[in-house]
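Subject: Handover of a model for your review

Dear colleague,

My notes on it come after the structure.

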Amino acid sequence: MLKYNMLSKQYKDHVVVNNLNIEINDKDIVGFLGPNGAGKTTTIKMSCGLITPTKGDVECCGYSLKKDRKQYLKNIGAVLEGNRNIYWKLSPVENIEYFAGMKGIGKKKIRNQMDEYLEMFSLTEKRNMECGKLSRGMQQKVAICCSLIHNPKVLFLDEPTLGLDVQSVLLIRDVLKNLIKEDRTMIITSHDLNFISSLCNRIIIINNGTMVLDEDIDFLNRYSESIVYAVEADGVRDDTEKIIKAKFDVEIEKFEDSVEFMVTLNNDNEILDFLNLLKSNGMNIKDIYKKKSDLEDIFTEVIGNKKTVKSVPEN
Amino acid sequence: MEILNIFKSETKKMLIIQRRYFLNFLADMLVYYFVFIGLYIFIKSNMNIMSAEEINRAVTTQFVGYICWFFFSFTISFMNNGIYRELLEGTFEQVCINHHSIMEIYVIRLIIYFIRNIVLILLLSLLLMISTNIKLDIGMDTIMIFMISLLGIAGFSFMIGGATLIYKNVGQLSFIISILFLGTSIVDLSVLPSKIQKIIYSLPFTKSVSLLKNIEGANYNIGGQDILFLFINSIAYLILGIVIFKLSFKKAAKEGSFSRF
């Protein structure tokens, strides 16, 4: 459905996006994550034809952005970060009719679809109110409606919850969950990891313009189900280290006067065996706690390069 | 059919926004009306040594120059104001995500704007003619010159639009051009050195305003040479304007600067 081929963007000597090669399948809901300045918005804008890539191309539904720009742009819609995306002096109905008209679609053709979206997005009562008088959350919903009215195959949402309060975020999430039922491919960027993990079936993380993780949500669920304990002891000898690593899946971090073991276990009972092994090798246990991994942990580990995220085998 | 739908959408949006900013629009029109009335009173009260016919000719040529300045000035600043406002409002990028090129969309917007301005100047002219008792004889010559000039003005507008895409806030540039144009519309250019005259006459509005003033004020019969010069001049500006706009759009897209203002 959407394919990035060696997509790159460089401004003078600063590489913002570096050789992105991604294939996004039909009906994928992709969470596109990364720290500030990672290149997420630049990638989204290149995908929308707003920024010219330095190298590479994007394809949507078989159409190349470079060679078949018209056909490509017919198949995408976008709600961009930091932009209003709609005209505040127009009402929701006027905005939707305007953007439909701009795509060459007449009012009569979109009437039913528009009423359906207004109903779905709980905008029916405010349909004739100037958008400037609506709440930020409602304005964002109108922007999503406008981006969908021409029935694009792929929808880009760049930080759709930016600046919204908790209630508005939940409303947008519910709206997007309804859209998922429409079997549309969506690419969503957000710093709200809970929001992303509740909606997406696939996570792509980029850092410094390069993709560092591309996994489906099942991987993340397996990762978060894995049992990891952090154990702090007073020190470890090299020969003991070898014994421990031979018996357990463990990562060791040494400090001046202590050592931390991150041990991955199959069940909670195994921690007793691990602790007994440490004690039998003369180590004193200082601290122990159970670590629960979630998307935030994966993100922090991948971005901070503290450790590589291990693929957890499928059951 | 798609182009027609774009026309309808843009026209409807223009009318809705005009209605919602009606007071602002009304104030603008009143300003233009009273500025001309002031000019008219000044001419009348300071030229009492001239004959009635000479005064009438002077007033008529000023009237024509003023109305042309009003129309052309609005049109020249249209691209700058329109693009810059959309950049500030955060809708420009949304307009660009369209299988119709930005060029097509802005040509349609410009045509709608032309039609709107023609209606406005007809109303303004009617009001001024009633207020000042000026009589204008609008013949085919006048209409032809006006229509040919529109091409050059459109080209100039696209040049300003291109500058806006790159440099964002170029409102002062439009203002300077507008003032320059007002000067050339009101002042008798024959008093300027010939080299300066040649430069000024190469601009897309000067020749047309001069011809219109002569037709209305001095019953001048335009010749084929006048029309040919005006046509070539206007087409040259139109082509140059379109090229500059397209190149500017490409440059701004390369720089990724559409969201900056």
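The notes below cover the conventions, the confidence values, the sheets and helices, and the contact between the chains.

This is a predicted model, in which local features need pLDDT of at least 70 and side-chain atom pairs count only at pLDDT 80 or more, while totals for chains, interfaces and linings use all residues. Residues are numbered from 1 along each chain as its sequence is written, and chains are lettered from A and ligands numbered from 1 in the order in which they are written.

Confidence. The predictor assigns the complex an ipTM of 0.86 and a pTM of 0.81. Among the elements of chain B, the highest mean pLDDT, 93, belongs to helix α4 (residues 92–96) of chain B, and the lowest, 75, to helix α9 (residues 206–218) of chain B. Helices (H or I, at least four residues) and strands (E, at least two) are DSSP runs, numbered from the N terminus.

Sheets of chain A. Two strands are taken to pair if DSSP finds at least two bridges between them. One open sheet has four strands in the order β12-β13-β11-β14 (chain A), with antiparallel pairing. Its edges are β12 (249–254) and β14 (285–291) of chain A; each has a single partner strand, so one side of each is left without a neighbour in the sheet. From one strand to the next, the twist averages 15°. Within this sheet, strand β11 (residues 227–233) of chain A runs antiparallel to strand β13 (residues 259–265) of chain A, and seven bridges join them. Val228(A) has Thr264(A) in β13(A) as its bridge partner. Helix α10 (residues 270–280) of chain A lies across β11, β13 and β14 of chain A and runs at about 145° to β13(A). Here axes are lines fitted to C-alpha atoms, for helices over the stretch in contact, and angles run from 0 to 180 degrees between N-to-C directions.

Two bridges connect strand β4 (residues 55–60) of chain A to β5(A) in the antiparallel sense, and Cys60(A) stands opposite Tyr63(A) in β5(A).

Strands β9 (residues 202–207) and β10 (residues 210–216) of chain A pair in the antiparallel sense over six bridges. They form a hairpin with two residues between them, and Asn208(A) in the turn has a positive phi of about 50°. Asn207(A) stands opposite Thr210(A) in β10(A).

Helices of chain B. Helix α6 (residues 140–167) of chain B has 28 residues and reaches 40 Å from its first C-alpha to its last, close to the 40 Å expected at 1.5 Å a residue; the expected span is 1.5 Å times one less than the number of residues. Just after α6(B), Lys168(B) takes a positive phi of about 70°.

Contact between the chains. Counting residues as in contact if their C-beta atoms, placed from the backbone, lie within 7 Å, 29 residues of chain A touch 24 residues of chain B. On the chain A side, α3(A) gives the largest share, five residues.

Yours sincerely

How values were computed:
Two residues are in contact if their C-beta atoms, placed from the backbone, lie within 7 Å. pLDDT is the predictor's confidence in each residue, from 0 to 100.
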